[in-house]
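Visitor: I am new to this structure and would like a close look at a single part of it, taken slowly.
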Amino acid sequence: MKKQPVLKKAEPYLWLAPSVLLMLSMIVVPVITVFRLSVSDISRAGVIKGFAGLENFQAIFASSKFWHTLQNTLVWTVVVVGVSTLLGFIIAMVLNQKFTGRKIVRAIVVFPWATSLIIQSIVWKYIITADFGSLNVILRKLGIISQNINWTPNATAYFAWECWIGIFVTVPFVTFCVLSGLQSIDENYYEAAEIDGAGFWKKLGSITLPLLKPSLTVSTVLNIIYVFNSFPIIWTITKGDPADKTHTLATYLYKLAFTNGRMGQAAAVSVVGFVILCICAGIYMVLSLKAEKEGQ
Amino acid sequence: MADRRRKNPWTRVLLYLFVFVLCIVILYPYFVMFTTAAKTREEMYALDMTILPKKWMWSNFVDVWSQAPILRYFLNSIIVAGGATGIAILCGIPAAYAMSRMQFKGKGIFLGAVIMSQMFAPVVLLMGIYRLMLDLHLTNNLLGLILLNAAFNQAFAIWLLRGTFLSISPEMEQAAKIDGCTTVGSLIRVLLPMAAPGIVTTLIFVFINAWNEYTMALTLISTDTLKPITVGLNVFNGFNMIQWQYMFATSIFATIPVIILFLCIEKHLAAGLTSGGVKG
Amino acid sequence: MKKFLAMLLALAMVFALAACGGSSAPAAEAPAAEEPAAEEPAADKLPLNVIISQYGNNTQAWWDGVFVPGFETAHPDIDLTVEIVSWNDLYTVVSNRITNENVPDILNIDTFADYVADDLLMPAEEYTSAELKAKIIPSFWNANELDGTVWALPILASVRSLFYNVDILEAAGVEVPTTWDEVKTACAAIQAYDPDITPWSLDVSSDEGQAAFGYYTWNNGGGFVDDNGDWALNSAANVEALNFIKEMVDAGYCFADPMNATRYPQQDAFNAGSLAMMIGPCNMISASSEVNYGVAPMPTNGGNSPVAFGVCDRLMAFKNDSAPDQAARTAAISAFFDYFYDQEVYSEYMVYEGFLPVTSDASAYLPEHADQFNKCEANGGTPGENDYFATWCGMLADCDFYPASRAEWIDVKQGVIDAEQQVLEGADAQAVLDELQSAIAG
């Protein structure tokens, strides 16, 4: 290799350039705009009037709806990611067994992942409608219930359904992450453990889980980000209603910006969302660095 | 595992029961979509509602194509998803190559930044994205959607490709270099063929994400003939009526190609997803 | 493997090219953008960018297939672009465009006060020809006045009244209710007759919950404003109205989910015969419905006389300081309106969508000539009905409308929906409305 040292040094960055350029222009530029909007005074119709300092932030922090939304976002993220991870793990364990029809079942599990969120949300909205919904019709025809059940009597019930749909669409991703982890585990470990008389739980705790940690970490980290920012499910099912009790940050800021005409405050909510995710990311980095050091 | 099965027949029964319930729950929405798509509009709100259509309106599946420019929507979706996939891969391969084969300052920072970029969902950035597209004269333009989808999928593409590259030993490329190949040559002649399954997985993955994208297209595209299918569906959600049967019929058409694509990569999907993390 | 990459590259290029080719309609690239629109295909044509809201499944077809070709034949010097935007997305699209200084020339929406506050609109007098002004029904012209200036033109109107299923009411043995007490009696009788039939309809969703507020407060002697025109959201009559709504829901007379079920599925239910009574718009009966229905005045409470409920959307023209030739632009806007409100064109659109005209000539013309035009395909594609326009145009004169020209209207609209939902969730109506009143009127 007769390359000049400078060029040699710059080479990796040249390889990264197209990708960096794409992300800088399409993601970082809008991020900057949103930060700028969050400290701007924007009129109801959407005209930027000038600098507003922290007024937008003060306004959202003073609203009880914001704090309720924040609480919802936390519940939403923890419940959806938590339950999906658990369910996905169980399903992956089952699908890792050899049984007739396994291929078909694995194919079916992919379905929710492959369907667009907006379509899934529309279907589920149709299913749970009390008066014309498919769920009540089926249960009535099967003779399980005699009268329509109101599946969504209040905000909490709605939110629970939204969580369920969130779980429904998230599980396949976890399942496939775990499956790949499971398939890379050497069968010999189990055989050795069985010779030592280890039972199912013992094997799960001392072999499966530790070896699955990387897969689970990947799926959990990505899911936290996706679920935290998820928009179509809640927007399609309730738009945050009744009385703004089922919002998460993503739908709340959308409503603030485009229904209530408060773009500045909406941008401020975006910024708060970034900060929360950044804190999470920071914690994750610290933890993983620590783990790496301990591992060495 | 085979011998465990013999030990306890009840585990088998439980397993099949679990799998059965699982399939019912997953397939239920698709069953609803299909049966509703085949009903008449009146039947949906009739007094004596039935599970299956009283009269199968197969014509709904045909009519829907003339009710709205569905074909055009599909074409737009294919252009956006295809274009975004192409760009995402072309930018992603060199980046993933550098990340997996080279040592340089700031590598960790870049990897962190890639993950960070995933934190900004399009919906949160909508106002900023619109401004950017306006400055670039790309509102109401499919090229704008292509670039945006490529960018928002860049992280995933790099993540998947890097994992694939890391799982391939660099020895072959080194051998090729000794034989006089340039770095680019060894990448193209040696690494890419070996990484083909991973690349295909990434391709399809990005394609599906772009295909299913909704919020950006909703905000940026206003001309009817430029709408992708996810946004085009709204045509059946009009001011005065919701045409569930057409909406669901179109949904089925929009979902089938994606499911087929997914099934093609199902085997490699999981492997590609986690190898980036395992070797990270 | 070079082939593989080359193919990939070629593929990407094809897609990129196809994308550029496919986006030949530079609809959003209005002249408001910073750079002059150099890529505009016909530089000598004056671009006119119009946003029309989606009124039905076939709105797009009429504008693209009938209006635009007709207009461009009549005005070959104007390059007209009409975008149809659904009500779901309308506010998002418009506010994004305003923030980014990319407003349309003409917009079809329901309110305008916010735009006036930012000095974005042209006064209607600037572009309304004398003939056009003369034929717009005066009450509709005046309804768009704010601070002494008229800022918008009415595009179309509709009237809401009580629709009832004749057969169900007969079978249940009840008369058409005229008071709230009779409504409750009738609902109980219907429920006793067949529990599967929903007796009454209610929509307090964020989609149109403000309409329900209007139906019940106006017919109880209350409303959004008092006799002096000041906001009076927490009047005793309004509190009573919200409590009535809650009573109806709690008694199980309405669909299970009034906070989320919009008017549209409820209309479909009425059309399918599973809903007995509904306050709805004049064009809610679908072409294929076999329901034997009747129309009656709104039920009232406390001896008040029924108030019919009118809805009216608007067309407005935005300022554009960067337009090179302001006079030509204004002339193009005038040309658009003159063409749109032309008796034949306008009548055709009204029949097509099933809405009511706001011009005097079309109001006189349609009750006799509606059958010369066809309804849109979703409404059956059949000729219009003269009787329909004779009946409903007559009612339009006595309607009450939202105070939509006021600056606070958007907040009031959101506020009353929120109040209704809070009351249904168990909050005290008086307290909720007091809070809203103090938030709006200070």
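Which residues are buried in helix 16 of chain C?

Guide: This is a predicted model, in which local features need pLDDT of at least 70 and side-chain atom pairs count only at pLDDT 80 or more, while totals for chains, interfaces and linings use all residues. Residues are numbered from 1 along each chain as its sequence is written, and chains are lettered from A and ligands numbered from 1 in the order in which they are written.

Helix 16 of chain C spans residues 386-396, and its buried residues are C:Phe389, C:Trp392, C:Cys393 and C:Leu396. A residue is called buried if 20 or more other C-beta atoms lie within 10 Å of its own, exposed if 12 or fewer do, and partly exposed in between, with the C-beta atoms placed from the backbone. Helices are DSSP runs of H or I with at least four residues, strands are runs of E with at least two, and both are numbered from the N terminus.

An α-helix has 3.6 residues a turn, so residues three or four places apart point the same way. On the other side of helix 16 of chain C, C:Asp387 and C:Gly394 are exposed.

As for what the buried side meets, the buried residues of helix 16 pack against strand 6 (153-165), strand 9 (309-317) and helix 15 (360-369), which also belong to chain C; contact here requires C-beta atoms, placed from the backbone, within 7 Å.

For comparison, in chain B, B:Glu43 has its place in the loop between helix 2 (9-37) and helix 3 (59-67), and B:Glu43 is partly exposed because 18 other C-beta atoms lie within 10 Å.

How values were computed:
Two residues are in contact if their C-beta atoms, placed from the backbone, lie within 7 Å.
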